Amino acid sequence: MSSLFNRCITEVMLSHLFSSADYAYMAQALRLAEKGLYSASPNPRVGCVIVRNDQVVGSGWHERAGQPHAEINALKAAGPAAQGATVYVTLEPCSHHGRTPPCAKALIEAGVAKVMIAMQDPNPLVAGKGSASLRDAGIEVETGLMEAEAAALNIGFVSRMTRNRPWTRMKIAASLDGKTALNNGTSQWITGEAARRDGHRLRARSCAILTGIGTVLADNPELSVRHVDTPRQPLRVVVDSRLDVPVDARLLRGAGELIFTANASEGKIVALRDVGARAIVLPDSNLDSGNHVDLAGMMRTLADFEINEVLVEAGRTLNGALIAAGLVDELVIYLAPYLIGDNAQGMLKLPELSKLAEKRALKIQDIRSVGSDIRLTARFCDDKSI
C-alpha cells in the first residue's frame, strides 16, 4: 500500500510541475523517437523538440548508431533560435564521447535555457552526469515528464543496461486450444496473413531473432523481415547443443549469425565460419551431461553484443526451457479461431506441477483483434526488474 501511495503522490506532484504544453511537446518528442523503432539499435530511441516563445523551432530524432543524436539534429534545425530555448528530450543527453560527441556539451554551447528530460539514461557512463553538466552550466533541468512512456519505448536498452541481458519477447502462433502444429509437425499456417504481418513488425523492432535447432531442421525458416519496410535485418541466433545446423540453412544466408552450442567440433565450427556464421561454445556447467547450452550465459553474451531486444520464435522445447530458466519477459500469443486437437503439439514444454500454488502468474498487458485472430500480450508477474 505504501508504494502505491508514494507513486500516487509522485504523480500528483509531477502533474503540478509540468504544464499541458510540456506534455504536448514531450509527446511530440516521443513520436519522433518512435521513428527509430526499427533502426536506432543498439542505441536508444530518442526524440527531441526545441521550443522558443511557444513555437517549435527545431526537432530531430536518432536514426541509427554512428549518426547524430536527436539533440544534434534538433539543434541543427533550430540554428540560432536555440539560444534561450527550452529543449524537450526523451532521454538524458549523453555527457561522454561514444560513437558521437556528447550532446550535453552541444546544448550548453547552443545556449539553451532549459532542458526537460523524460527519463534518466540507464547507461552507467551517463546516468545523471548529463543532467549534472547541464545544471553546472546554469541550465535549468527537469526530469520525469512522461518517463513511463520513454522507458517503454526503450525497454530493451534499459534491460541491457540494468540487468545485463536483453528484453526477451516470445512470439507464439497457436489455435484456441493452445496448439502450434499438428502432431506430424505441420504448422503453416495456423494464423492469418494479418497476424503474420504483425509478427514481422515485432521482428523489425528486435535486434535478434532466437530459435532452436528443432525449428531449423523441421521448417528451414529464413527468419527475416519481409512484410514491413525496415532499414536493417535482425541478427539470427540458434540454440543448437550438438551443432547439427546445416551450413546451407536458409537463416545462414545473412552475415554474422550466431550459433550457441555445447559441441566444440572444430570442423563444423570452421565450416560455419566459412559461410559467415559464428559458433559460440557455451555448455551449461550446472548440468551433469554438459550437452546443453547455458541459456543464461547466452543472454549475457547477447548483451555483450549490444542486443537490446530478442524475439523468440521457437518450438515448445526451447520455449519451455527459456521460461523455466526465467529468461522470458513478455509473451505475444496470436490465437487463431480453430481447434486442432489434443494430440497436436503444444506451445510450451514445461515440467508438470504437483500443486496449483506452483503456477506462474502472468499479467495481461493487451488484447486486440488482428485480422481474424486475437493477439494477447502478457508479462510474468514475478518479474520486478523492469
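User: Which residues of α3 and α4 meet in this model?
Analyst: This is a predicted model, and in it α3 spans residues 70-78. Its side of the contact is made up of Glu 71, Ile 72 and Leu 75. On the α4 side, the partners are Cys 103, Ala 106, Leu 107 and Ala 110.

User: How many nonpolar, polar and charged residues does the contact of α3 with α4 have?
Analyst: Glu 71, Ile 72 and Leu 75 of α3 meet Cys 103, Ala 106, Leu 107 and Ala 110 of α4. Glu counts as charged, while Ile, Leu, Cys and Ala count as nonpolar. Sorted by class, that contact has six nonpolar, no polar and one charged.

User: Are α3 and α4 roughly parallel or roughly perpendicular?
Analyst: Their axes come within 9 Å and cross at roughly 20°. Angles under 35 degrees count as roughly parallel. As for handedness, α3 passes α4 in a left-handed crossing. Going by the angle, then, α3 and α4 are roughly parallel.

User: Is the crossing of α4 and α5 left-handed or right-handed?
Analyst: Here α4 covers residues 103-110 and α5 covers residues 129-136. The two axes come within 9 Å and cross at roughly 20°, so these helices are roughly parallel to each other. The way α4 passes α5 is right-handed.

User: How are α11 and α12 arranged, roughly parallel or roughly perpendicular?
Analyst: Helix α11 runs over residues 295-304 and helix α12 over residues 316-324. Their axes come within 10 Å and cross at roughly 85°. Since 65 to 115 degrees is the range for that label, α11 and α12 are roughly perpendicular.

User: Which residues make the contact between α11 and α12?
Analyst: By class, this contact has six nonpolar, no polar and no charged residues. Leu 295, Met 298 and Met 299 come from α11. The α12 side is Leu 318, Ala 321 and Leu 322.

User: How far apart in space are Leu 145 and Met 26?
Analyst: In sequence, these two are 119 residues apart. Even so, Met 26 is among the residues that Leu 145 touches. From C-alpha to C-alpha, the separation is 7.3 Å.

User: Is Glu 257 buried or exposed?
Analyst: Glu 257 is in the loop between β9 (235-239) and β10 (258-261). Among the residues it touches are Arg 236, Leu 251, Leu 252 and Arg 278. With 2% relative accessibility, Glu 257 counts as buried.

User: How does Glu 149 count by its relative accessibility?
Analyst: Glu 149 belongs to helix α6, residues 147-153. Ala 118 is 31 residues away from it in sequence and 8.3 Å away in space, C-alpha to C-alpha. The relative accessibility of Glu 149 is 40%, so the label is partly exposed.

User: Which residues does a cis peptide bond join?
Analyst: Look in the loop between α2 (20-33) and β1 (47-52), where Pro 42 lies. Omega for the bond is about 10°. The pair it joins is Ser 41 and Pro 42.

User: What is the phi of Asp 54?
Analyst: Asp 54 lies in the loop between β1 and β2 (55-61). At 64% relative accessibility, it counts as exposed. Its phi is positive in a residue other than glycine, with a value near 65°.

User: What radius of gyration does the chain have?
Analyst: The chain holds twelve helices and 16 strands, and 48% of its 386 residues count as buried. Its C-alpha trace spans about 65 × 50 × 40 Å along the principal axes. A compact globule with 386 residues would have a radius of gyration near 21 Å, which agrees with the chain's own 23 Å.

Conventions. Residues are numbered from 1 along each chain as its sequence is written. This is a predicted model: local features need pLDDT of at least 70, side-chain atom pairs count only at pLDDT 80 or more; totals for chains, interfaces and linings use all residues. Side-chain values use heavy atoms; hydrogens and water are left out. Axes are lines fitted to C-alpha atoms, for helices over the stretch in contact, and angles run from 0 to 180 degrees between N-to-C directions. Helices (H or I, at least four residues) and strands (E, at least two) are DSSP runs, numbered from the N terminus. Angles under 35 degrees count as roughly parallel, over 145 as roughly antiparallel, 65 to 115 as roughly perpendicular and the rest as oblique. A crossing is left-handed if the near helix is turned anticlockwise from the far one by less than a right angle, and right-handed if clockwise. The radius of gyration is taken over C-alpha atoms; the globule rule is 2.2 Å times the number of residues to the power 0.38. Buried means under 20% relative accessible area, exposed over 50%, partly exposed in between (1.4 Å probe, protein chains only). Contact means heavy atoms within 4.5 Å. Lists of a residue's contacts leave out its neighbours within four places in sequence.
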